[in-house]
Amino acid sequence: MKKLKNALSLIKSEKGQQTVEFLLMLGSVVTLILAFTITFHKEIAGGFFTVIGMILG
């Protein structure tokens, strides 16, 4: 029970609020990157291999 009270007090504090906001922003960025990668994975791979072909060829 003491751990729960400590966790709640951390969330209510300014430092806890900053931590939660940072984690929410980080989660949003990761979600956008994953969605972009899943959507355009063929184009990304094609562009990568095109660049490698230009370097090697």
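## Model and confidence

The protein averages a pLDDT of 88, and 96% of the residues score at least 70. pLDDT is the predictor's confidence in each residue, from 0 to 100. This is a predicted model: local features need pLDDT of at least 70, side-chain atom pairs count only at pLDDT 80 or more, and totals for chains, interfaces and linings use all residues. Residues are numbered from 1 along each chain as its sequence is written, and side-chain values use heavy atoms, with hydrogens and water left out.

Confidence is lowest in helix α1 (residues 2-12), at a mean of 75. It is highest in helix α3 (residues 41-56), at 94. Helices (H or I, at least four residues) are DSSP runs, numbered from the N terminus.

## Packing of α2 and α3

Helix α2 (residues 14-39) packs with α3 at an angle of about 75°. Their axes are 4 Å apart. Axes are lines fitted to C-alpha atoms, for helices over the stretch in contact, and angles run from 0 to 180 degrees between N-to-C directions. The two helices are therefore roughly perpendicular to each other (the class covers 65 to 115 degrees).

On the α2 side, the contact is made by Phe36, Thr37, Ile38 and Thr39. On the α3 side, it is made by His41, Glu43 and Ile44. Contact means heavy atoms within 4.5 Å. These residues divide into 3 nonpolar, 3 polar and 1 charged. Ala, Val, Leu, Ile, Met, Phe, Trp, Tyr, Cys and Pro count as nonpolar, Asp, Glu, Lys and Arg as charged, and the others, Gly among them, as polar.

## Aromatic pairs

A search of the whole structure finds 2 aromatic pairs. Rings of Phe, Tyr and Trp (its six-membered ring) pair if their centres lie within 6.5 Å; planes under 30 degrees apart count as stacked, over 60 as edge-to-face and the rest as tilted. Phenylalanine 36 and phenylalanine 40 form a tilted pair, 4.9 Å centre to centre, with 50° between the planes. Phenylalanine 36 is partly exposed, at a relative accessible area of 48%. Phenylalanine 40 is also partly exposed, at 37%. Buried means under 20% relative accessible area, exposed over 50%, partly exposed in between (1.4 Å probe, protein chains only).

The other pair joins phenylalanine 48 and phenylalanine 49. Ring centres are 5.4 Å apart and the planes lie at 70°, so this pair is edge-to-face. Phenylalanine 48 is partly exposed, at 49%, whereas phenylalanine 49 is exposed, at 57%.

## Positions along α3

Lysine 42 lies in helix α3. With 66% relative accessibility, lysine 42 counts as exposed. Its C-alpha atom is 23 Å from that of serine 28, 14 residues away along the chain.

Alanine 45 is also in α3 and is partly exposed, at 32%. Lysine 5 is 40 residues from alanine 45 along the chain, and their C-alpha atoms are separated by 49 Å. Leucine 56 is exposed, at 72% relative accessibility. From leucine 56 to serine 13, the C-alpha distance is 56 Å, across 43 residues in sequence.

How values were computed:
Angles under 35 degrees count as roughly parallel, over 145 as roughly antiparallel, 65 to 115 as roughly perpendicular and the rest as oblique.
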